[in-house]
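Subject: Structure handover

Hello,

Please find the structure below, with its sequence. After it come my notes on what was found.

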Amino acid sequence: MNKLLRSPAGSSMLVIIMILATLSVCVVTSMNFTSVVSRDVERSNTLRRAHEVADGALEHAFAHWREICRGQTNVQLPTSSFSAIPLPAAAHFPMITPFTISRTGNPSSGATYTVANFKVVATDAMWVPLSDPSAAPSPQQGMSLGTVNYNYLATADVTLPAIGGQPIKTQVRRVFSKSLLSPWNYAIFYVDDLEMHPGRPQSVTGWVHTNSRLYTAQSELTLQSKVSYGDDWSRNYKPGDSRYTPTGTPPGPNWQTDLPPFRDQGQQPFGLDSTRIFNTTDTNANNDSYRELVEVPTASTDPIGEARYYNQAGVKILVNSAGTATFRRQDGTVINSSSTGNDKKLYDAFSPALSVGATITDKREATTVRLMDVDVSVLNTKLTGASAPSFNGIVYISDQSATTSLKRAVRLKKGAVITPPNGLTFATDNGLYIQGDYNTGRTSGNEPPSNTGDPTTPTVSGYTRKPCAVLADAVMILSNNWNDTNSSASLSSRLATPTTVNTAIVSGIVATTGTAASPGNYSGGAENFPRFLESWTGDAFTYYGSMVELFPSKQFNSVWQNTGPGPNVYDPPDRKWFFDSKFFTTPPPGTLTLVSYSKGRWFIE
């Protein structure tokens, strides 16, 4: 035997045996390792599928949560409002069989659900679920001034089987946020396409947003804060504008470093989706468009009743075809000289301030406009002092005889000083003219610096501008030099002087028409959102406020016309426009809210 082992053949056999033994060990080790890796991969894949199932369930929950919230925009709903959210069906997860789901947690023993604990719960400001199902979520101040969030926590506990091991379990959570934001937080807010082509240097301070498409085609425009759009952004003119160039790109605007325009979610006025709540083909006159905000409601169902400014107004003034005005308090009760108490005080404040019947020529509309003049200086003395009436600061005025051919409008005169400390809001479904300085403190002997060359100071020394707003079918600016007699004269007779206006503006536009192949009429862009009727060449129009576009103009619906002596409408001012940052903390009287619904923090417990 020893000889055999010492022989060459024996040595070779020994080496072979040792190699085989080593290979056997390697094979076994490799098989064990492969098995472990396989199990780990399988568990990782199963965990990934579990997260995908949870995400799918939470997406389902979000869609139904948002739908339920939209039904009562002005109410913050408790947990109980979401107890009947439909459970996701097995058909939603065809790769998971069997699929089971429950609103409750898994039992302590026995079979588990694929998805358990499926629910949406109201939380406090720190995202801690509220134990009381009837409690509404606590308000959480947003990262931006003027923003309030109401949060809910959506949960989904997922259990999936794994090969050769314990079932894979994960507990996924997602924060759903309902955000309420005032449109007064924006320098410019558009529901429709936003075109900005000022034609001469202009800076825009404050946020800018459109729910639709953004068009910017001129380097004269400087954007000093965030700019967002819901659809798309084109550094070009809008197709239909005769300046549109299908090839090549015109110069774009200037923006802050690392802050170009960006896509963002749409901000829904009143939290209502226009594609679902508005219908121009039914018999309900209260649900045609966002213009309902400034219209008188009918007796039909009103989807925006709480937001409608007619309903919010502390004083309503309706004028008939004869020019006779009827005054009402907020609940609709008629007030007159025979009224008593606060009703008599309201009537005595507004009746002498209103006059109906003056007319001017509006060159853009190419027609005569009958005016309802409001002398704001008369209101100032009546709305303050010891005997002042109780009043919420919102005035609604409408000439009910207006049509697309019979132009009617409110005109605010002598409004340089606003006395009520909480400001004034005027709303109308007609046009609205602001004549002269508004909310600047200007007097005959004391101009605000903005009228003499310093646009950073839009009030006279010692005057504090008040939070004001105007809402109308269209808003026109008449300078301090306006004269009714010259309204029908040539442009050379309508010479403006520097004027400053400090108020938020909500109104409509006449949109750009036509196509790239067949151009139509330019809307005038945001630079002409407030409309002009004078020659402003070399003179400044200084503006502090917030501009909000929500609807097409219905009464003042003539198209924008090019400036200059041809159309004889106006020459543009030097636009010195600023967002009024005071609106963050002291917005104008009245409730106008933008609502968005978003998915926030995602985490695993």
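This is a predicted model: local features need pLDDT of at least 70, side-chain atom pairs count only at pLDDT 80 or more; totals for chains, interfaces and linings use all residues.

At 29% relative accessibility, Asp348 counts as partly exposed. Here buried means under 20% relative accessible area, exposed means over 50%, and partly exposed is in between, with a 1.4 Å probe and protein chains only. Asp348 forms a salt bridge with Lys344, and their closest N and O atoms are 2.8 Å apart. A salt bridge is a side-chain nitrogen of Lys or Arg within 4 Å of a carboxyl oxygen of Asp or Glu. Lys344 is also partly exposed, at 26%.

Residues are numbered from 1 along each chain as its sequence is written, and side-chain values use heavy atoms, with hydrogens and water left out.

Salt bridges

How many salt bridges does the structure hold? There are 25. One of them joins the side chains of Lys238 and Asp193, at 2.9 Å from N to O. Lys238 is in the loop between β12 (233-234) and β13 (254-255), and Asp193 is in the loop between β5 (186-190) and β6 (194-196), so the pair ties together parts that are 45 residues apart in sequence. Lys238 is buried at 13%, and Asp193 is buried at 19%.

Another salt bridge is between Arg291 and Asp473, at 3.0 Å from N to O. Arg291 sits in the loop between α3 (274-277) and α4 (309-312) and Asp473 in the loop between β25 (469-471) and β26, so parts that are 182 residues apart in sequence are tied together.

Helices (H or I, at least four residues) and strands (E, at least two) are DSSP runs, numbered from the N terminus. Two strands pair if DSSP finds at least two bridges between them. An open sheet of 12 strands, with mixed pairing, has the order β14-β11-β8-β5-β31-β28-β25-β23-β21-β16-β17-β18. β14 (262-263) and β18 (334-335) are at the edges with a single partner strand each, so one side of each has no neighbour in the sheet. β18 pairs with β17 (residues 325-329) in the antiparallel sense, over 2 bridges. Arg328 stands opposite Val334 in β18.

The cores

A nonpolar core is a set of buried Ala, Val, Leu, Ile, Met, Phe, Trp, Tyr and Cys residues joined through side-chain atoms within 4.5 Å. The largest has 74 residues, and Phe350, Leu412, Phe426 and Tyr433 have the most contacts inside it. Strand β26 (residues 474-478) gives the most to this core, with 5 residues. Apart from this core lies another, of 32 residues, including Phe62 and Leu160.

Leu160 is also one of the contacts of Thr46, along with Pro161 and Ile168, when neighbours within four places in sequence are left aside. Contact means heavy atoms within 4.5 Å. Thr46 lies in helix α2 (residues 8-71) and is buried, at 1%.

Regards
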